[in-house]
Amino acid sequence: MNTTKITARSITDREFFYGHKACAGCGGSLAVRHILKVLGERTFTAIPAGCMSAVGFIYPQLCFTGNAIISTFPGTASMLSGIAAGAKALKLNNFHVVGIAGDGGTADIGIQALSGAIDRRDKVIYICYDNEAYMNTGIQKSGLTPFGAKTTTTPAGENIRGSVTHKKNMFEIVAAHGIDYAATASVGYLQDFINKIQKASQVEGTSYIHVYAPCPTGWGVASNTTVNIAKEVVDCGLWYLAEYECDEFTLNRNPKTFTSVEKYLRSQGRFKHLQAHDIEHIEEMRDRKWERMRRLWRSV
Amino acid sequence: MSNRPTVQHFNSPKHISDYPVGPAFRAGFLTSTNAGWRSERPVLVAERCTLCYQCYMYCPEATVFKITGAVDFDFDYCKGCGICAEVCAAKAITMIPEKR
C-alpha cells in the first residue's frame, strides 16, 4: 500500500486517458485523467452512457490505455461488483475497480445499482463527475441540476426561471448507507481530489467520490474558465469539500467568509436570467445548509 | 512521448471476417488527432516558468508535459482551451491566435 502523498511533482507521467474528443476545457475529462493517473495501470474501469464514454470510445479511436468498458446506463455499480467478483475468482491481486459515471448516471438512472453495491460492501470505487445536467444528450435537467439553472428541459421563461428543484443531496444519500468511505471534491481543488482518490483506493469496502466538474458547453462559459469556476463554487459556498468515514462527517474546507454567489451565478450563461430574489433564495438555501453542516459535522 | 499513445494506422475491415468478434478493440489505439479544433495556441516563456506544474496538472487533455527545466505541449492533441494560461500564476503561458 502506497501512502506517500501524490503531488504535481511525484504523480506519474503516464497518461491513461488521451486523445479523447471531449469539448475544450471539459471538467469531466480532467477528473477522469487524474482518477486513472492515481489508480494506475492495474485498474478496471467501467463507464456508463455519458460524455466520458461518448468521447473516449469512438471505434477505432480508443482513448483509454487501460482496461475500460462501457456499462449499461443504470448498471455501472452492478458491473463494478461483477468485475470485482470476476477478479476475485481469477485470484488477481493488487488491482482497482473503478466506475466513473455522470450526475444523471449516478443520481437518477444508476442510483439503485449504486445502493446495492454499497449494501454488499463490494471493494469498488464509484466516482460521480457532476456537471449538473445530462450534457452528452444535449443539456437536459438531471437530479443534480441546481435551482435556477437553464437546461433544454427547464428553459428560462417569464414565469418559471430554469430548474425549480434543488440539487439532490447525493453525498449524504450515499453516506446514509453507512458506506466505508465517501467524499466530495472539485476539479478546481485538484490536490484535495487526488488525496481523496488515493484514500478511496485504500479502503477495504465501497467508496464513493462526488467531484464537481464544470462543463463550458452546457454552462455557457469560456473554455478557459473551468478551473476558476470549480474553485469559485467552493469559495462561494454552493459546493463543499467533505468526507464521510466511520459514521462521521468531516468538513475539509470551512471558509470564514463566502465570496459572492451573485458573481458566480452571473458569470454563467445558464444563470443569466435569474432575478435578484432568485439569487437571495439560493443564498438562503446555502446558509441553511452551511449552518447545519457547521453544527453537526467535524471541521478541520 | 512513450507515456502517452500516438497515432497509428488503422486497416479498415475489407471482409466480414476482418471485423472483431465482440465489440472490443485494442486499448489506447488512436487514429486521429485533435489539432484542428484549436483557434488559439499556448506559448511558454521559459524564463518565467517556476516549474510549479499547475498547467500540467490542470490540462484536461494531458497535452502539457514536463521537460527538463520547463514544460512543453503536444500540439497534435491540444484543443487550445486556455486553462494552462489561466492557472499559471507566473503568467509564463500566453494564448496566441492560430494562423494558417
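**Entry 1. Helix H5 of chain A**

I began with helix H5 of chain A, residues 111-120, and looked up which of its residues are buried; A:Ala113, A:Leu114, A:Ala117 and A:Ile118 are. These residues lie on the same side of H5(A), because the arc they cover around the axis is only 135 degrees. I note here that the model is a predicted one.

I then turned to the face of H5(A) directed away from the buried side, and found the exposed residues A:Gln112 and A:Asp119 there. For the cover over the buried residues of H5(A), I listed elements of chain A including helix H3 (76-89), helix H4 (103-108), strand S6 (125-130) and helix H6 (170-175).

**Entry 2. Packing of H3 on H5**

I recall that two packed helices are described by the angle between their axes and the distance between the axes. For H3(A) and H5(A) I recorded an angle of about 35 degrees and axes 6 Å apart. On the H3(A) side, the contact is made by A:Thr76, A:Ala77, A:Ser78, A:Leu80 and A:Ser81. H5(A) contributes A:Ala113, A:Leu114, A:Gly116, A:Ala117 and A:Arg120 to this contact. Sorted by class, I have 5 nonpolar, 4 polar and 1 charged residues in the contact of H3(A) with H5(A).

I traced an open sheet of 9 strands in chain A, with mixed pairing and the order S4-S1-S5-S6-S8-S7-S9-S10-S11. Its edge strands are S4 (67-70) and S11 (298-299) of chain A, each of which pairs on one side only.

Within this sheet I examined strand S5 of chain A, residues 96-102. How many of its residues are buried? I found 7 of the 7 buried, so S5(A) is largely enclosed by the rest of the structure. In a regular strand the side chains alternate between the two faces of the sheet. I therefore checked each face of S5(A) in turn, and both are covered. One side has A:His96, A:Val98, A:Ile100 and A:Gly102, the other A:Val97, A:Gly99 and A:Ala101, and all are buried.

I next looked up the neighbours of S5(A). Strand S1 of chain A, residues 43-47, pairs with S5(A) in the parallel sense over 4 bridges, and A:Thr45 has A:Val98 of S5(A) as its bridge partner. S5(A) and S6(A) also run parallel, joined by 5 bridges. There A:Val98 stands opposite A:Ile125 of S6(A).

For an antiparallel case I went to strand S7 (residues 181-186) and strand S9 (residues 242-245) of chain A, which pair over 2 bridges. A:Ala183 has its bridge partner in S9(A), namely A:Glu243.

**Entry 3. Backbone exceptions**

Most residues other than glycine have a negative phi, and most peptide bonds are trans. I searched both chains with this in mind.

- The peptide bond between A:Tyr59 and A:Pro60 is cis, with omega about 0 degrees. I place A:Pro60 in the loop between strand S2 (57-58) and S3 of chain A.
- A:Asp247 is not a glycine, yet its phi is positive, about 60 degrees. This residue lies in the loop between S9 and strand S10 (248-251) of chain A. I count A:Asp247 as exposed, because it has 7 C-beta neighbours inside 10 Å.
- B:Tyr53 likewise has a positive phi, near 60 degrees. I found B:Tyr53 in the loop between strand S1 (40-44) and helix H1 (54-58) of chain B. Its 17 C-beta neighbours inside 10 Å make B:Tyr53 partly exposed.

**Entry 4. Chain A against chain B**

I counted 30 residues of chain A in contact with 32 residues of chain B. Which elements of chain A give two or more residues to the side that touches chain B? They are helix H1 (27-39), strand S3 (61-62), S4 and helix H9 (226-235). By class, I record 13 nonpolar, 11 polar and 6 charged residues on this side of chain A.

**Entry 5. Chain A as a whole**

I counted 11 helices and 11 strands in chain A. A compact globule of 300 residues would have a radius of gyration near 19 Å, and the 18 Å of chain A agrees with this. Along the principal axes, its C-alpha atoms fill a box of roughly 60 × 45 × 40 Å. Of the 300 residues in chain A, 52% are buried. Among contacts in chain A with a separation of 6 or more, 68% join residues 24 or more positions apart.

How values were computed
Residues numbered from 1 in each chain as written. Chains lettered and ligands numbered in written order. Predicted model: local features only at pLDDT ≥ 70, side-chain atom pairs only at ≥ 80, totals over all residues. Buried ≥ 20, exposed ≤ 12 C-beta atoms within 10 Å, placed from the backbone. Arc of directions from axis to C-beta. Contact = placed C-beta atoms within 7 Å. Pairing = 2+ DSSP bridges. Nonpolar A, V, L, I, M, F, W, Y, C, P; charged D, E, K, R; others polar. Rg over C-alpha atoms; globule rule 2.2 N^0.38 Å. Axes fitted to C-alpha atoms, helices over the stretch in contact; angles between N-to-C directions.
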